[in-house]
Structures are given as structure tokens and as C-alpha cells.
Amino acid sequence: MPRVLSLKKIKGKKEHAHPHSRKANQIQRAALRDERIKGATARREKDRYTLINRVGFFKVAVITGDRKTLTEDEVHELIKTYINRRQGELEDEKAARRPGRPKSTKEDLLSMAIEQEQAEYKTGFKVPDMTDEVNVINLKAWKGDHGGLNHIKLVELPRRSDE
């Protein structure tokens with residue numbers, strides 16, 4: 001009997017299977033696989049959303065400037081600006097908290113996001129290559145969808161040792 005991979009393909013009534021039967025094991029395997037696939041899809045969508053937002057930030061930064069390319073130092077400054085974009089909101093949350101009270105969930109999430117981006121910057125921050133003129137043109141023409149990211153070359157820039 002071949003292994004059934006999805007719950008949809010299991011024949012018969014699923015609710016009335018004996019707890020230790022082969023059918024119950026089959027249902028359990030299929031349910032666990034479906035959960036695993038949904039979790040992987042959710043993680044992939046979250047990563048995709050994060051990348052789209054990041055590239056969108058750098059697109060706006062390139063469009064507002066009048067130059068065709070940026071130097072590596074300017075790209076590092078943009079990365080620092082991107083990482084610190086939530087700093088004001090974090091400071092507002094800290095100021096709104098009464099003395100002696102624990103951090104709010106929003107404040108925790110903001111601080112964790114900033115720490116995660118700083119850790120990523122230490123190892124290599126994935127950004128569009130803005131030193132290449134053709135890539136900057138593609139970035140300016142990008143419409144904000146995931147499919148258009150294939151035309152934009154991304155590079156990983158680690159933090160420099162002098163910072």
C-alpha cells in the first residue's frame with residue numbers, strides 16, 4: 001500500500017478509525033505533514049515580506065537621491081538608517097511605560113527586531129547592489145512584487161571592522 005501524503009486522499013471516514021489502526025497512523029502522518037508544510041509556507045511568506053519591505057526602503061532611498069549609483073560608504077549609512085528606523089517608536093514605548101512596570105509586548109518585539117537586524121548586519125546584511133548602475137535602474141523600475149525581485153541583484157554587506 002503506497003503512502004498517502006495528504007489528508008484529502010485518505011479514503012473512508014477519518015473520524016471513526018480505531019486509535020491504533022493503520023488508518024489512524026496514516027491520518028496522523030498526513031496531518032503532521034500538512035502542519036509542517038503550512039509552517040514552512042508561513043516562514044517563507046514572512047521572509048518574503050521582510051525582503052520586499054527592505055528592498056522597498058532602499059528603492060525609496062535611491063529614488064530620492066539624484067545619483068545613478070552609491071558608494072559602499074553611502075550604502076552602509078543607508079543600512080544603519082534602515083536598522084534604526086524603529087528606534088523612535090521604541091523610545092516612545094519606553095517613555096510611555098510607568099516606572100516599575102515590565103516591558104510591553106510591542107516594546108519587546110521592537111527591541112528583538114532591532115537586535116536581530118544588528119546581528120544580521122554583523123554577519124552580512126542582504127541589500128540590493130546599489131554600486132551597479134544597471135541594478136539601480138532595475139531597482140527604480142521595480143513595482144514592489146516578489147516576482148520582480150529576480151531582476152534585482154542582492155549582495156550581503158557585513159559591518160566593517162572599524163564601526
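Because the model is predicted, local features need pLDDT of at least 70 and side-chain atom pairs count only at pLDDT 80 or more, while totals for chains, interfaces and linings use all residues. Residues are numbered from 1 along each chain as its sequence is written, and side-chain values use heavy atoms, with hydrogens and water left out.

The core comes first. The largest nonpolar core holds 19 residues, and Phe58, Val75, Ile79, Phe125, Val127 and Met130 touch the most other members. A nonpolar core here is a set of buried Ala, Val, Leu, Ile, Met, Phe, Trp, Tyr and Cys residues joined through side-chain atoms within 4.5 Å. Buried means under 20% relative accessible area, exposed over 50%, and partly exposed in between, with a 1.4 Å probe and protein chains only. The elements giving two or more residues to this core are helix 1, helix 2 (72-83), strand 1 (125-128) and helix 5 (133-141). Helix 2 contributes the most, five residues. Helices (H or I, at least four residues) and strands (E, at least two) are DSSP runs, numbered from the N terminus.

The aromatic rings are next. The whole structure contains five aromatic pairs. Rings of Phe, Tyr and Trp (its six-membered ring) pair if their centres lie within 6.5 Å; planes under 30 degrees apart count as stacked, over 60 as edge-to-face and the rest as tilted. Phe57 and Phe58 form an edge-to-face pair, 5.4 Å centre to centre with 90° between the planes. Phe57 is partly exposed at a relative accessible area of 24%, whereas Phe58 is buried at 0%. Tyr121 and Phe125 also form an edge-to-face pair, with 6.1 Å between centres and 80° between planes. Tyr121 is buried at 3% relative accessibility, and Phe125 is buried at 0%. Ring pairs join Phe57, Phe58, Tyr82, Tyr121 and Phe125 into a cluster.

The charged end of Arg54 sits over the ring of Phe125, 4.0 Å from its centre, and that of Arg85 sits over the ring of Tyr82 at 3.8 Å from its centre. A charge sits over a ring if NZ of Lys or CZ of Arg is within 6 Å of the ring centre and within 35 degrees of the ring normal.

Arg54 leads on to the largest pocket. Lys46, Asp47, Thr50, Arg54 and Gln116 lie nearest the centre of this pocket, among 15 lining residues. Helix 1 (22-64) and helix 4 (105-123) are the elements that give two or more residues to the lining. The largest share, seven residues, comes from helix 1. The lining divides into four nonpolar, three polar and eight charged residues. Here Ala, Val, Leu, Ile, Met, Phe, Trp, Tyr, Cys and Pro count as nonpolar, Asp, Glu, Lys and Arg as charged, and the others, Gly among them, as polar. The volume of the largest pocket is about 480 Å³. On a 1 Å grid over the protein atoms alone, a pocket is an open set of points where a 1.4 Å probe fits, with protein on both sides within 12 Å along at least five of seven lines; lining residues have an atom within 4 Å of a point. Grid points are joined across faces, edges and corners, and a volume is the space filled by probe spheres set on the points.

Some C-alpha separations complete the picture. Phe58, in helix 1, is 100 residues from Pro158 in sequence and 17 Å from Pro158 in space. Ala42 is found in helix 1 and is partly exposed at 48%; the C-alpha atoms of Ala42 and Lys140, 98 residues apart along the chain, are separated by 29 Å.
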